[in-house]
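Thanks for making time. I will go through one model this morning, one region after another, and take questions at the end.

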Amino acid sequence: MNRDITITKLEKPFVTEAGHTFYQADAAYKTWGRLNEKRDNAILICHALTGHAAADEWFPGIIGDRALCDPEQYFVICINVPGSCYGSVGPLSTNPANGQPYRSDFPNLTIRDLVSFQQLLLDQLDVEGIELVIGGSMGGMQALEFALMDKRVRAAIPMAMGMAHTAWAIGISHIQRQAITGDPQWNGGNYPPEQPPGKGLATARMMAMISYRSPADYQHKFGREKQHGLEIFQVESYLSYQGDKLVDRFDANTYITLTKAMDTHDVSRGRGTFSEVLGDLEIPVLVIGVDTDFLYPTQDQKELAGFLQNGTYAEIESIHGHDAFLIEFEQLNRITTEFISTNRKPETQ
């Protein structure tokens with residue numbers, strides 16, 4: 001599918017925290033609007049686990065005229081993270097050591113690696129200032145790390161996550177990875193040509209879809225209704241469809257790589273206490289939670305906001321659970337534009 005995504009090669013080596021070096025790594029990105037004369041009017045959107053650089057497809061409500069990410073005012077950019085399967089270097093990329101796709105040999109990454117990769121591209125594009133970095137879930141983890149790692153960032157909006165990945169969230173990701181690697185066809189992702197791939201990935205996605213929504217949402221949508229003409233519940237049909245749909249567009253090794261990266265999320269790691277690390281951050285940070293999020297409960301966001309020197313907490317009210325940050329765009333625009341308006345420096349108004 002043509003998403004008007006640009007794929008370029010990083011001019012500088014991308015070195016992971018574990019010490020693996022990628023030379024001329026592919027980096028996929030999409031932009032809206034233009035950099036101003038000072039090259040400091042950028043808004044960076046960070047995507048979630050199965051997302052990609054075409055943020056206008058999955059984040060349409062905040063990109064456009066008078067929306068948070070208005071291309072008439074800002075240079076809006078979304079960069080596909082490394083480890084993904086949507087253009088940037090990842091498990092499907094060629095391993096120069098053997099000329100074959102990395103697949104399960106792709107090196108482990110951290111959330112900080114995802115950020116440093118994007119920093120290299122932003123440097124390459126001569127971005128001098130980042131007005132705002134925003135993201136939800138895995139994207140929120142990146143947004144928070146960007147605020148800590150990049151002096152160009154003037155404000156951040158991390159959503160639907162916390163200051164460290166909890167045991168609950170790690171456990172859910174572990175079960176999903178076990179579903180993938182426990183698939184008899186798995187073999188490191190090298191599926192036999194005569195067998196269709198992805199049973200394990202489909203199961204992992206179904207598990208994830210349960211955690212992304214709320215019990216009330218599922219009850220409202222499906223109740224105990226049966227699928228027309230079939231002896232299965234509508235919710236069973238829906239989850240099976242979602243699993244198969246992801247298999248058609250995603251890669252199982254990518255799923256493993258990025259969920260493991262999410263498990264590394266801990267802003268205190270190697271830096272000091274949460275109070276020390278987050279208390280030293282001076283820029284304004286709006287932390288957004290969803291009142292029905294069972295994967296990353298609002299207590300996680302409230303705790304994060306409480307540690308920040310200039311932190312604010314806001315809440316989306318929704319039946320949809322964790323995924324509400326991808327659905328409730330009216331609330332999201334209202335909350336975020338008010339935050340930006342309040343915290344914009346006079347010289348940028």
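Ala-54 sits in the loop between β5, residues 42-46, and α1, residues 55-58. This is a predicted model, so please keep that in mind throughout. Is Ala-54 buried or exposed? With a relative accessible area of 0%, Ala-54 is buried. Setting aside neighbours within four places in sequence, its contacts are Arg-3, Ile-5 and Lys-30. Cys-78 is 24 residues from Ala-54 along the chain, and the two C-alpha atoms are 7.0 Å apart.

That brings me to the cysteines. How many disulfides does the structure hold? The count is 0. Cys-46 is in no disulfide, and the nearest cysteine sulfur to it, that of Cys-78, is 7.3 Å away. The cut-off for a disulfide is 2.5 Å between the sulfur atoms. Cys-46 has 1% relative accessibility and therefore counts as buried. Cys-85 is in no disulfide either; its nearest cysteine sulfur, again that of Cys-78, is 14 Å away.

Next, the helices, starting with α4, residues 167-181. The buried residues of α4 are Ala-169, Ile-172, Ser-173, Gln-176, Arg-177, Ala-179 and Ile-180. Around the helix axis they cover an arc of only 155°, which means they are on the same side of α4. On the other side of α4, Ala-167 and Trp-168 are exposed. What do the buried residues of α4 pack against? They pack against α5, residues 199-212, and α8, residues 252-263.

So let us take α8 from its own side. Its 12 residues should span 16 Å at 1.5 Å a residue, and the end C-alpha atoms are 17 Å apart, which agrees. Helix α8 is mostly covered, with 11 of its 12 residues buried. Among the buried ones are Asn-253, Tyr-255, Leu-258, Met-262 and Asp-263. The elements that cover the buried residues of α8 include α2, residues 111-124, along with α3, α4, α5 and α7.

Now the aromatic residues. The structure holds 13 aromatic pairs. I will show two of them that share Tyr-238. In the pair of Tyr-218 and Tyr-238, the ring centres are 6.2 Å apart and the planes are at 70°, so this pair is edge-to-face. It links distant parts of the chain, 20 residues apart: Tyr-218 is in helix α6, residues 215-221, and Tyr-238 is in helix α7, residues 234-249. Both Tyr-218 and Tyr-238 are buried. In the pair of Phe-222 and Tyr-238, the centres are 5.0 Å apart and the planes are at 40°, so this pair is tilted. Phe-222 lies in the loop between α6 and α7 while Tyr-238 is in helix α7, so this pair ties together parts that are 16 residues apart in sequence. Phe-222 is buried, as is Tyr-238.

Elsewhere, Phe-14, Phe-22, Tyr-102, Phe-106 and Phe-117 form one aromatic cluster. There is also a charge over a ring: Lys-226 lies over the face of Phe-233, 5.1 Å from the ring centre.

Last, helix α10, residues 298-307. Which of its residues are buried? They are Thr-298, Asp-300, Gln-301, Leu-304 and Ala-305. Looking down the axis of α10, these buried residues fall within an arc of 155°, so they line one face of the helix. Gln-299 and Gly-306 are exposed on the other side of α10. The buried residues of α10 pack against two helices and two strands: α3 (138-149), α9 (274-279), β11 (285-290) and β12 (311-316).

In the loop between α10 and β12 is Asn-310. Asn-310 has a relative accessible area of 33%, so it counts as partly exposed. Not counting residues up to four places away in sequence, Asn-310 touches Leu-281, Glu-282, Ile-283, Pro-284 and Val-285. Gln-176, one of the buried residues of α4, is 134 residues from Asn-310 in sequence and 36 Å from it in space, C-alpha to C-alpha.

That is what I have. Questions, please.

Terms used: Residues numbered from 1 in each chain as written. Predicted model: local features only at pLDDT ≥ 70, side-chain atom pairs only at ≥ 80, totals over all residues. Heavy atoms only, no water. Buried < 20%, exposed > 50% of the residue type's maximum accessible area, 1.4 Å probe, protein only. Helix = DSSP H or I, 4+ residues; strand = E, 2+ residues; numbered from the N terminus. Expected span 1.5 Å × (residues − 1). Arc of directions from axis to C-beta. Contact = heavy atoms within 4.5 Å. Phe/Tyr/Trp six-rings, centres within 6.5 Å; stacked < 30°, edge-to-face > 60°. Lys NZ or Arg CZ within 6 Å of the ring centre and 35° of its normal.
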